[in-house]
Amino acid sequence: MKKLTAIFLCAVLLLTSGCGGMTPATKHTRYQAEFLSLFDTVTTIVGYADSKEDFTELAGQIRDKLEEYHRLYSIYDDFAGVNNIKTINDNAGMAPVPVDSRIIDLLQYAKEQYAGTKGTLNIALGSVLKIWHDYREAGSDDPENAELPPMELLRQANEHTNIDDLVIDAAASTVYLKDPLMRLDVGAIAKGYATEQVAQHFENQGVTNLLLSVGGNVRALGGKFDEGADTVIPWAVGVRNPDLSSTESTLMSVLAEDCSIVSSGIYERYYTVDGVEYHHIIDPETLMPTTYYAQVTIVCKDSGLADALSTAAFVLPRDEALAYINAMDGVEACWVLEDGSQFYSDGFEALKK
Ligand code: AMP
Ligand code: MG
């Protein structure tokens, strides 16, 4: 993390208005800012402002808010004066940890998602996910000796993944892991949940016509201005092509106004063992990376829900995944298989540009 903080980057660019920086800023002048210090990924903010200074100020405020969540939800780093998810993990089996209400909210949300996905999405899988994480890191550093984790080790860790051992005391604002060997991993939901909370915070302050992308977890506040006009139209958000060998980096564009677009994919984190790629989304039944899809994209209003569902819909087989998403109002999804073929939820086609 220190490395990333050191290369903290804030670039504010004038994106349109004819001839770049030469044109005086108008109400609809579009700017973009990028930050490299949050959630181990790139955050991009696109919006409009009267001046570059105004936009830089707003982008800085959004960055600061996101950073608060980044610190609270980290499972890898300690931050002075902050009890975060890592603190909860470090105190497993020892003591309840007093935490910020934003941690209570995230963990309660995660428990709801566990129930909603029948355990497919389980933030208590941390001990299993840590083994995969360590083997992936070792295998990436030394590809010739890359190995799969022994199934016996995974099974032992899986004895410590009972979500009921996550004890949330909302009144006392504490969290306790009853099982000393249990660990939380909020990687499947924290980025989207934080993005949603920050988006709502700024929406409540009247901010609109802004596109926030935290590592591809995209949340649109309102729409964008039609070029050269006053009309507001939906943003066209590119969905990444999961086929990294393709010259086309974008698979399709999806129209977004006041909604989120979130993808989970095999390309995000993976390593190779004996010529086979193993990615980072683990089926709690098999304790192995899932093999159904190369990518799942969710479109719905709430970015937290989109993040949770992108991971859950990645783990469920086709019929179950389709039924699960089609039963939900206001949620659409696109699945891409490894051979490039696609299938959609009932209303997804209409969202494509
Ligand atoms: P995402 O990119 O949102 O699909 O999240 C992937 C991350 O979620 C992984 O890097 C793990 O940290 C975590 N994860 C993987 N499998 C699961 C699972 N079955 N339930 C909960 N979290 C998971
Ligand atoms: Mg997710």
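These legends walk through close-up views of one predicted model.

Some ground rules: residues count from 1 along each chain as its sequence is written, while chains are lettered from A and ligands numbered from 1 in the order in which they are written. Because the model is predicted, local features need pLDDT of at least 70, side-chain atom pairs count only at pLDDT 80 or more, and totals for chains, interfaces and linings use all residues; side-chain values use heavy atoms, with hydrogens and water left out.

**View 1. The magnesium ion (ligand 2) and its protein donors.**
Here the ion is held by A188 (O), D307 (O), D307 (OD) and T311 (OG1), at 2.1 to 2.4 Å. Donors are N, O and S atoms within 2.8 Å of the metal (3.2 Å for Na, K and Ca); water is not among the atoms, so the site may look incomplete. Read along the chain, the donor spacing is A-x118-D-x3-T. That pattern ties together distant parts of the chain: A188 sits in the loop between β6 (174-177) and α7 (190-204), D307 in helix α8 (residues 303-315), and the two are 119 residues apart. Helices (H or I, at least four residues) and strands (E, at least two) are DSSP runs, numbered from the N terminus. As for cover, A188 is partly exposed at 22% relative accessible area, whereas D307 is buried at 6%. The cut-offs are under 20% for buried, over 50% for exposed and in between for partly exposed (1.4 Å probe, protein chains only).

**View 2. Ligand 1 and the residues around it.**
The shell has 17 residues, and D185, S264, I282, D307 and T311 are the closest; a residue is near if one of its heavy atoms lies within 4 Å. By type, the shell splits into seven nonpolar, six polar and four charged residues. Nonpolar here covers Ala, Val, Leu, Ile, Met, Phe, Trp, Tyr, Cys and Pro, charged covers Asp, Glu, Lys and Arg, and the others, Gly among them, are polar.

**View 3. Polar contacts of ligand 1, including one to T311.**
A polar side-chain atom of T311 comes to 2.7 Å from a ligand oxygen. Another ligand oxygen distance to look for is 3.2 Å, to a side-chain N or O atom of R269. On the nitrogen side, a ligand atom lies 3.0 Å from a polar backbone atom of N122. Taken alone, ligand 1 exposes 500 Å², and the protein buries 94% of that; these areas are Shrake-Rupley values with a 1.4 Å probe, and for residues only the protein chains shown count as cover.

**View 4. C259 and C300, two cysteines without a disulfide.**
Searching the whole structure turns up zero disulfides (cysteine sulfur pairs within 2.5 Å). The cysteine sulfur nearest to that of C259 belongs to C300, 7.9 Å away. C259 is buried at 11% relative accessible area, and C300 is buried at 3%.

**View 5. N209, a non-glycine residue with positive phi.**
Its phi is about 55 degrees. N209 falls in the loop between α7 and β7 (210-214) and is buried, with 12% relative accessible area.

**View 6. L287, also a non-glycine with positive phi.**
For L287 the angle is about 65 degrees. Look in the loop between β15 (276-279) and β16 (295-300), where L287 is buried at 4% relative accessible area.

Note on methods:
A polar contact is a pair of N or O atoms within 3.5 Å; within protein, one must be able to donate a hydrogen and the other to accept it, and residues adjacent in sequence count only if both atoms are side-chain atoms.
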